[in-house]
Amino acid sequence: MKKIEAIVRHFKVEEIKEALTEAGVKGITASEVRGFGRQKGHRETFRGAEYTVDFLPKVKLEIVVSDDQEPKVISTIIAAAQTGQIGDGKIFVTNIDEMIRIRTGEMGDEAV
């Protein structure tokens, strides 16, 4: 099994969720996060005062899938999240050794 974490723009979340649901993903966890990458934030003006926004708001999506679903899920996220602009986000993939559904005790792929 693989855990796919995608850091994406807020306005792309609904589009990504719909595309992943169509691709057969059964569950997604979403968290509001803040961070920066190459863009290093930006400057804004509020009531005449200029300030730097270092950490930009993003959404982190976490999805656990079977090994054979990994390529499809990654390509689906890229297709739905990509704008071609700096700040589109990142995808991280890690191995999951075990997964257990607490309610039923199911383990492994059956718990996904």
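The second largest pocket of this predicted model is lined by 17 residues, and those lying nearest its centre are Gly27, Val64, Val65, Met99 and Val112. The space in this second largest pocket comes to about 260 Å³. Strand E5, which spans residues 56–65, supplies the largest share of the lining, namely four residues. Sorted by class, the lining of the second largest pocket holds seven nonpolar, five polar and five charged residues.

A second topic is the packing of two helices. In general, a pair of packed helices is described by the angle between the axes together with the distance between them. Here helix H1, residues 13–22, packs with helix H2, residues 70–81, at an angle of about 145°, and their axes are 9 Å apart. The crossing in which H1 passes H2 is right-handed. On the H1 side the contact is made by Glu15, Ile16, Ala19 and Leu20, while H2 contributes Val73, Thr76, Ile77, Ala80 and Ala81. In terms of class, seven nonpolar residues, one polar residue and one charged residue make up this contact of H1 with H2.

Ile16 belongs to helix H1, and because its relative accessibility is 0%, Ile16 counts as buried. Setting aside residues up to four places away in sequence, Ile16 touches Val8, Leu61, Ile77, Ala80 and Ala81. Its C-alpha atom is separated by 10 Å from that of Ala6, a residue 10 positions away along the chain.

Thr76 is placed in helix H2, and Thr76 also counts as buried, because its relative accessibility is 15% and the cut-off for buried is under 20%. Apart from residues up to four places away in sequence, Thr76 touches Ala19, Leu20 and Ala23.

Ser31 is found in strand E2, which covers residues 29–35. With a relative accessible area of 24%, Ser31 is partly exposed. Once neighbours within four places in sequence are left aside, the contacts of Ser31 are with Lys58, Val59, Lys60 and Glu62. Although Ser31 and Lys60 are 29 residues apart in sequence, the distance between their C-alpha atoms is 5.1 Å.

| Residue | Relative accessibility | State |
|---|---|---|
| Ile16 | 0% | buried |
| Thr76 | 15% | buried |
| Ser31 | 24% | partly exposed |

Definitions and conventions:
Residues are numbered from 1 along each chain as its sequence is written. This is a predicted model: local features need pLDDT of at least 70, side-chain atom pairs count only at pLDDT 80 or more; totals for chains, interfaces and linings use all residues. Side-chain values use heavy atoms; hydrogens and water are left out. Axes are lines fitted to C-alpha atoms, for helices over the stretch in contact, and angles run from 0 to 180 degrees between N-to-C directions. Helices (H or I, at least four residues) and strands (E, at least two) are DSSP runs, numbered from the N terminus. A crossing is left-handed if the near helix is turned anticlockwise from the far one by less than a right angle, and right-handed if clockwise. Contact means heavy atoms within 4.5 Å. Ala, Val, Leu, Ile, Met, Phe, Trp, Tyr, Cys and Pro count as nonpolar, Asp, Glu, Lys and Arg as charged, and the others, Gly among them, as polar. On a 1 Å grid over the protein atoms alone, a cavity is a set of points where a 1.4 Å probe fits but cannot get out, and a pocket is an open set with protein on both sides within 12 Å along at least five of seven lines; lining residues have an atom within 4 Å of a point. Grid points are joined across faces, edges and corners, and a volume is the space filled by probe spheres set on the points. Buried means under 20% relative accessible area, exposed over 50%, partly exposed in between (1.4 Å probe, protein chains only).
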